[in-house]
Amino acid sequence: MALKSPLFACLLVVGLAAVTAKAQSVPTIITSIQIQGKLYCTIDGNISNNGTATPVFPGAIVQLQCGTKTVVASATTNAAGAFLILVNPIQFVVLSLQTNCNLFVATPLTTCNSSLSANGTLISDLRSTGSTVNGIIILISTGFHLQT
């Protein structure tokens with residue numbers, strides 16, 4: 001009888017460890033997809049690399065366009081040039097957003113600086129940050145460029 005008790009205890013510990021390991025591998029439920037970035041008042045919408053202060057682009061409308069340029073969501077940049085677009089995870093798969101969708105700036109560049117081009121649109125691809133926090137997946141702009 002003495003041998004059965006330690007054997008039972010060992011089996012119980014191994015069984016609980018297996019259940020715990022299995023529970024930890026269950027994926028997090030995706031509750032939200034956030035697309036975020038910052039838009040600058042430059043010819044390409046990105047921060048300047050020449051060491052000078054780069055002005056931001058407040059009040060710009062940033063659109064998430066998918067497929068045949070269908071607008072599925074949009075946001076307006078704040079005073080710091082930042083934007084946040086919330087996407088329903090039931091409607092979109094993250095991979096689909098990264099491969100079939102782009103960010104477009106609907107507000108002309110001349111709105112923030114009259115010397116910038118009136119022709120063309122700022123556009124950016126999306127990429128995942130690779131992290132999920134509390135069921136929220138975050139995608140970011142890969143960097144804007146002018147599309148004429």
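The dialogue below takes up the chain, its strands, its disulfides and its core.

Modeller: This is a predicted model, in which local features need pLDDT of at least 70 and side-chain atom pairs count only at pLDDT 80 or more, while totals for chains, interfaces and linings use all residues. Residues are numbered from 1 along each chain as its sequence is written, and side-chain values use heavy atoms, with hydrogens and water left out.

Colleague: How many helices and strands does the protein chain have?

Modeller: Helices (H or I, at least four residues) and strands (E, at least two) are DSSP runs, numbered from the N terminus. Here the protein chain has 2 helices and 9 strands, which follow one another as α-β-β-β-β-α-β-β-β-β-β.

Colleague: What percentage of the residues of the protein chain counts as buried?

Modeller: Buried means under 20% relative accessible area, exposed means over 50%, and partly exposed lies in between (1.4 Å probe, protein chains only). By that criterion, 31% of the 148 residues are buried. The surface is computed by the Shrake-Rupley method with a 1.4 Å probe; for residues, only the protein chains shown count as cover. The protein chain exposes about 9000 Å², of which carbon and sulfur atoms supply 61%.

Colleague: What share of the contacts with a separation of 6 or more comes from residues 24 or more positions apart?

Modeller: A contact means heavy atoms within 4.5 Å. In the protein chain, residues 24 or more positions apart account for 57% of the contacts with a separation of 6 or more.

Colleague: What is the order of the strands in the open sheet?

Modeller: Two strands pair if DSSP finds at least two bridges between them. The open sheet has 5 strands in the order β3-β2-β5-β6-β9, and the pairing is antiparallel. Its edge strands, each pairing on one side only, are β3 (70-76) and β9 (145-147). On average, neighbouring strands of this sheet are turned by 35 degrees against each other, direction ignored; the axes behind such angles are lines fitted to C-alpha atoms, for helices over the stretch in contact, and angles run from 0 to 180 degrees between N-to-C directions.

Colleague: Which strands does β2 pair with?

Modeller: Strand β2 (residues 61-66) runs antiparallel to β3, joined by 6 bridges, and antiparallel to β5 (residues 101-105), joined by 5 bridges. V62 illustrates both pairings: A75 stands opposite in β3, and V105 is the bridge partner in β5. The strands β2 and β3 form a hairpin with 3 residues between them, and G67 in the turn has a positive phi of about 60 degrees. Strand β2 is largely enclosed by the rest of the structure, because 5 of its 6 residues are buried.

Colleague: In which sense do β1 and β8 pair, parallel or antiparallel?

Modeller: Strand β1 (residues 32-38) and β8 pair in the parallel sense over 5 bridges, with S32 opposite I136. Strand β8 (residues 136-141) is mostly covered, with 5 of its 6 residues buried.

Colleague: How many disulfides are found, and which cysteines form them?

Modeller: A disulfide is a pair of cysteine sulfur atoms within 2.5 Å. In one of them, the sulfur atoms of C41 and C112 are 2.0 Å apart. This pair links distant parts of the chain, 71 residues apart: C41 lies in the loop between β1 and β2, and C112 in the loop between β5 and β6 (121-124). C41 is buried at 6% relative accessible area, whereas C112 is partly exposed at 25%.

Modeller: C66 and C101 also form a disulfide, with sulfur atoms 1.9 Å apart. C66 in strand β2 and C101 in strand β5 are 35 residues apart. C66 is buried at 9% relative accessibility, and C101 is buried at 2%.

Colleague: Why are both disulfides described as right-handed?

Modeller: The torsion about the S-S bond is about 95 degrees for C41 and C112, so that disulfide is right-handed. For C66 and C101 the torsion is about 110 degrees, so this disulfide is right-handed.

Colleague: Which residues of the largest nonpolar core touch the most other members?

Modeller: In soluble globular proteins, nonpolar side chains tend to be buried together. A nonpolar core is a set of buried Ala, Val, Leu, Ile, Met, Phe, Trp, Tyr and Cys residues joined through side-chain atoms within 4.5 Å. The largest one here has 27 residues, of which L64, I85, L97 and L103 touch the most other members. The elements giving two or more residues to this core are β1, β2, β3, β4 (82-87), α2 (94-100), β5 and β8. Not counting residues up to four places away in sequence, L103 touches residues including I35, V62, L64, F83, I85 and F144.
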